[in-house]
Amino acid sequence: SKVTIPSATTSPSPSTAFPGKLYEMLQTSAKYGFEHIVSWQDSGRSFKVHDSKAFVSEIMPKFFKQTKYKSFQRQLNLYGFSRITTLGSALKGGYSHPHFLCGRLDRLHMISRLQNGGSASSAAAALSSSSSSVASASAPTNNHKGTVSDNDATAPRISLDLTMPSDP
């Protein structure tokens, strides 16, 4: 059965940004009878898309610019939402964010798009890998064989800001 949602579901709209549209959609899911497709769960601390095909064809066009479920998931990641992956949990497959709570419109302003254009986990992974490569590059060694001297014009130059004292 098709879901009928008026063009302007609530007034005023919480926000034109993605979190505001998502909040509006979830707040109206029971009112317009599409909570079997997407709804709040866990006492309003998370939400879940129950039927992704119906969500894409019936719900997304009413609330979002995205036309593909993967694009919707990417937006969730860009705004720092976490997917619930706890095995055996009724919440598994849902999404949560510490500031995205049912009935707490006042907290939406605390949700912002991540600056690096990626998910929090990919940002942490990038930071971790860059830290480990800098750590390995700056590890002190007593073996000076094969090092590049200042007079070697063919060697590539690498500039590192090292906080360790230099060798005597």
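1. A salt bridge is here a side-chain nitrogen of Lys or Arg within 4 Å of a carboxyl oxygen of Asp or Glu, and by that criterion the structure holds 2 salt bridges. The model is a predicted one, in which local features need pLDDT of at least 70 and side-chain atom pairs count only at pLDDT 80 or more, whereas totals for chains, interfaces and linings use all residues. Residues are numbered from 1 along each chain as its sequence is written, and side-chain values use heavy atoms, with hydrogens and water left out.

2. For accessibility, buried means under 20% relative accessible area, exposed over 50%, and partly exposed in between, computed with a 1.4 Å probe on protein chains only. Arg45 is partly exposed at 46%, and Asp42 is likewise partly exposed, at 28%.

3. The other salt bridge pairs the side chains of Arg104 and Asp106, again at 2.8 Å from N to O. Arg104 is partly exposed, with a relative accessible area of 35%, and Asp106 is partly exposed with 45%.

4. Val38, in strand S1 (residues 38-41), is buried, with a relative accessible area of 0%. Contact means heavy atoms within 4.5 Å, and, leaving aside neighbours within four places in sequence, the residues in contact with Val38 include Met25, Leu26, Phe47, Val49, Phe55 and Ile59. Val38 and Met25 are 13 residues apart along the chain, while their C-alpha atoms are separated by 8.7 Å.

5. In helix H3 (residues 69-78) the buried residues are Phe72, Gln73, Gln75, Leu76 and Leu78. The elements that cover them include helix H1 (18-28), strand S2 (46-49), helix H2 (52-63), strand S3 (82-83) and strand S4 (95-96). Beyond its neighbours within four places in sequence, Phe72 is in contact with residues including Phe18, Leu22, Phe47, Val49, Phe55 and Met60. H3 is followed by Gly80, whose phi is positive, near 80 degrees.

Notes
Helices (H or I, at least four residues) and strands (E, at least two) are DSSP runs, numbered from the N terminus.
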